Amino acid sequence: MLEDPEKVLSPVPLMQVATGFWASKTLAVAHELDLFSRLSGSSGVTPADVAEDLEIDQRPAELLLTGCAALGLLEGNHGRYVNSALAEEYLVRGTPYYFGGFVQMLDQRLYEGWGRLVEAVRTNRPTTWDPERQGSLFDGEDPQLLAGFWEAMHSLSTFTARVLADVVDLSGSHKLLDLGGGSAAFDIELCKRYPDLTATVYELSPITEIATSKISRAGLSQRIETVVGDFFSDPALPSGHDVVLLSMIMHDWNEQHDRDILRKCWEGLRSGGKVIIAELLVDDDKTGPPAAALMSMNMLIETEGRNYTSAEYTGWLHDAGFRDIHTIRFEAPGANGAVIGSKP
């Protein structure tokens, strides 16, 4: 009796997972060779053109072009290749939303750490840095690599902030505290959306310099300020705010540290204020979604944290004293939901 072909398991899904790094390395190498910047504005290049330009053999030039085209990074027509719209928008150096620094960070820093993933699983310790010898996650990291990474994170956060502004109503709020606010992308987008809103970016010293520059370029220096601080070592957070934003922050830390952060948020918020936790939320049954679950694996090699569920955040917020706790789901590059609690 023949088996029902619909019930026969195929190894194809396993092949797709197992070979996933083929795609990421193809992208990373093309970016490292500056392929997309070289092709920007071009009427099309052939493998021979690329081979001559990069001073490589024609065989790898052809394979690289074909691979990038297959991934949607290039478009081919009669043997000539141009950047796809995606590559032209995000992978050409100097463009407003250049994302190459993220690609470079994953390839030059995280790829090696993921290569030691079994070590991280067995030891429950990061593999991209050594906490016994380094003071923090990026201590001793290449400044140029970090600069590119922060530029890419600004792009990522900008698009996430725009979605957050669509789904969370801040029309009654006036003073926002962005805890670990990075380059101020969220503050810039939220202040653009809400003319009565002012914001404070609370960050470590080197990053506030980046934020100050971004704020100035956006013409919002009168409405967004930066405050140097450390939410663990400082006894209290800047007070007087009616919104505290924790965007893509909580997944870096363990439960106790996250509870400590929420306690300080409670103490610093005005009565009637609210805290917004925007993250890639893991499903409450802890079976996905893939982006959040795999980000958790990345936290295993990078930090003490993981990606948490809406139910976990809800419990911690309740324990800290927050009420009217609810979750809003959405889809954005850096987050898939926001858990919001109010201070009575």
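Student: How many bridges join S8 to strand S9, and which way do they run?
Tutor: S8 and strand S9 (residues 337–342) run antiparallel and are joined by five bridges. Strands (E, at least two residues) and helices (H or I, at least four residues) are DSSP runs, numbered from the N terminus; two strands pair if DSSP finds at least two bridges between them.

Student: What are the ground rules for the model?
Tutor: It is a predicted model, in which local features need pLDDT of at least 70, side-chain atom pairs count only at pLDDT 80 or more, and totals for chains, interfaces and linings use all residues. Residues are numbered from 1 along each chain as its sequence is written, and side-chain values use heavy atoms, with hydrogens and water left out.

Student: Which residue stands opposite alanine 338 in S9?
Tutor: That residue is isoleucine 328.

Student: What order do the strands of the open sheet have?
Tutor: The seven strands follow S5-S4-S3-S6-S7-S9-S8, with mixed pairing. Strand S5 (224–228) and strand S8 (323–329) are the edge strands, each pairing on one side only.

Student: Changing topic, at what angle do the axes of H7 and H13 cross?
Tutor: The axes of helix H7 (residues 100–115) and helix H13 (residues 290–302) cross at roughly 90 degrees and come within 10 Å. Axes are lines fitted to C-alpha atoms, for helices over the stretch in contact, and angles run from 0 to 180 degrees between N-to-C directions. H7 and H13 are therefore roughly perpendicular to each other (65 to 115 degrees).

Student: Which residues in H7 meet H13?
Tutor: Arg109, Leu110, Gly113 and Trp114 in H7 meet Leu294, Met297, Asn298, Ile301 and Glu302 in H13, where contact means heavy atoms within 4.5 Å.

Conventions. Parallel < 35°, antiparallel > 145°, perpendicular 65-115°, else oblique.
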